[in-house]
Amino acid sequence: MNIYVIVDMEGVSSLVDPFTEASHKGKDHGAFRDVMTGEVRAAAIGLNKGGAEKVIVCDFHGSGKNIIFKDLPHYVELVRGDFRPGSGLDGYDGPVHGLVFLGAHAASFTRGAVIGHTYCGDVEIFINGKRMNEFSLLAAAWGERGVPPILVSGDQAACSQAKDFSPQVLTVPTKEGIEFRAARCFHPQLIEERLAEQSELAMKAIGDKSPFMLSDNGEYELSISLPAQPWADRLCWIPGAILENDRTYKFELKSMIEVINIIYGASMLRFP
């Protein structure tokens, strides 16, 4: 079996600062590259023990150049590099049997979340009236391909949101948020042990998992609410954009790939 693993950084153990720790320009970024890589390695080992023959890892954070590849097992393939259309869905065209999301964070404006956001800035994204986070969006896109989510790690708020969307998914909380840049953190070694254990369990139960879907009829009403007027003004450039109010645009779409493309396009229109 082949497993696709999306890895973000904000949700790894003990990371609480988006600038000094999560940014590639931050003075502590190197230390958290190690933490991130350790969590990926632990999950890959557990997935392999549970029956995964190939683990495709997508470096989904920022520049896409965070994971230290040489520290991962030989059966891992790494998708990395700068912004890519379809990031989180790309880099492998073969059959995929399960989806894992590591280092996840909660949606924008989530109380008790560590560095909660949805793709960039204070953007809120809704599909068919329900607020989305990055896990739910990507899990639904993979769900259209028939791939079930099996495991999520991240701060407690991110894990709770994942369970709300997909109750079947196993979770490994890495920390409990106190406020946006503060958390009660669990030791990285303990998180690695839990990830190895839960990854193996997720693989053994993969036959009981179902793809996550946001629509029964293949129709999606996407709403994107932006915090800044100049940014919102730019969204009218996207074909099909319908202005709902001064900072919110709506799109009527027919697939999750279309949804993801619109979200990425909107993200690229923001001001530096």
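**A loop and its surroundings**

Guide: Phe109 is found in the loop between strand 4 and strand 5 (124–127); helices (H or I, at least four residues) and strands (E, at least two) are DSSP runs, numbered from the N terminus. This is a predicted model, in which local features need pLDDT of at least 70 and side-chain atom pairs count only at pLDDT 80 or more, while totals for chains, interfaces and linings use all residues. Residues are numbered from 1 along each chain as its sequence is written, and side-chain values use heavy atoms, with hydrogens and water left out.

Phe109 is not a glycine, yet its phi is positive, at about 65°. Its relative accessible area is 53%, so Phe109 is exposed; the cut-offs are under 20% for buried and over 50% for exposed, with partly exposed in between (1.4 Å probe, protein chains only). Ile115 lies in the loop between strand 4 and strand 5 as well. Ile115 also has a positive phi, of about 50°, without being a glycine. Its relative accessibility is 4%, so Ile115 counts as buried.

Contact here means heavy atoms within 4.5 Å. Helix 4 itself runs over residues 188–204, which makes 17 residues, and reaches 24 Å from its first C-alpha to its last, close to the 24 Å expected at 1.5 Å a residue. The expected span is 1.5 Å times one less than the number of residues. Ile191, Leu195, Gln198, Ser199, Ala202 and Met203 are the residues buried in helix 4. Seen down the helix axis, the buried residues of helix 4 fall within an arc of 135°, so they line one face; the arc is that of the directions from the helix axis to the C-beta atoms. An α-helix has 3.6 residues a turn, so residues three or four places apart point the same way.

Strand 4 also packs against the buried residues of helix 3, as do strand 6 (130–131), helix 2 (134–143), strand 7 and strand 8. In helix 3 (residues 156–165), the buried residues are Ala157, Ala158, Cys159, Gln161, Ala162 and Phe165.

Leaving aside residues up to four places away in sequence, Val35 touches Val12 and Ser13. Val35 and Gln189 are 154 residues apart in sequence, but their C-alpha atoms are 9.3 Å apart in space.

Charged pairs come next. The whole structure has nine salt bridges, a salt bridge being a side-chain nitrogen of Lys or Arg within 4 Å of a carboxyl oxygen of Asp or Glu. One of them joins Arg84 to Asp90, with the closest N and O atoms 2.5 Å apart. Arg84 is buried, with a relative accessible area of 14%, and Asp90 is buried at 16%. Another joins Lys254 to Glu219, where the closest N and O atoms are 3.5 Å apart. This pair links distant parts of the chain, 35 residues apart: Lys254 is in the loop between strand 12 (248–253) and helix 6 (256–268), and Glu219 is in the loop between helix 4 and strand 10 (220–225). Lys254 is exposed, with a relative accessible area of 54%, whereas Glu219 is partly exposed, at 41%. Asp28 and Lys27 form a further salt bridge, with the closest N and O atoms 3.1 Å apart. Asp28 counts as partly exposed at 26% relative accessibility, and Lys27 as exposed at 70%.

For the whole fold, the protein has six helices and 12 strands. Of its 272 residues, 56% count as buried. Among contacts between residues at least 6 apart in sequence, 68% join residues at least 24 apart. The C-alpha trace spans about 50 × 40 × 30 Å along its principal axes. The accessible surface comes to about 11,600 Å², of which 51% belongs to carbon and sulfur atoms; areas come from the Shrake-Rupley method with a 1.4 Å probe, and for residues only the protein chains shown count as cover.
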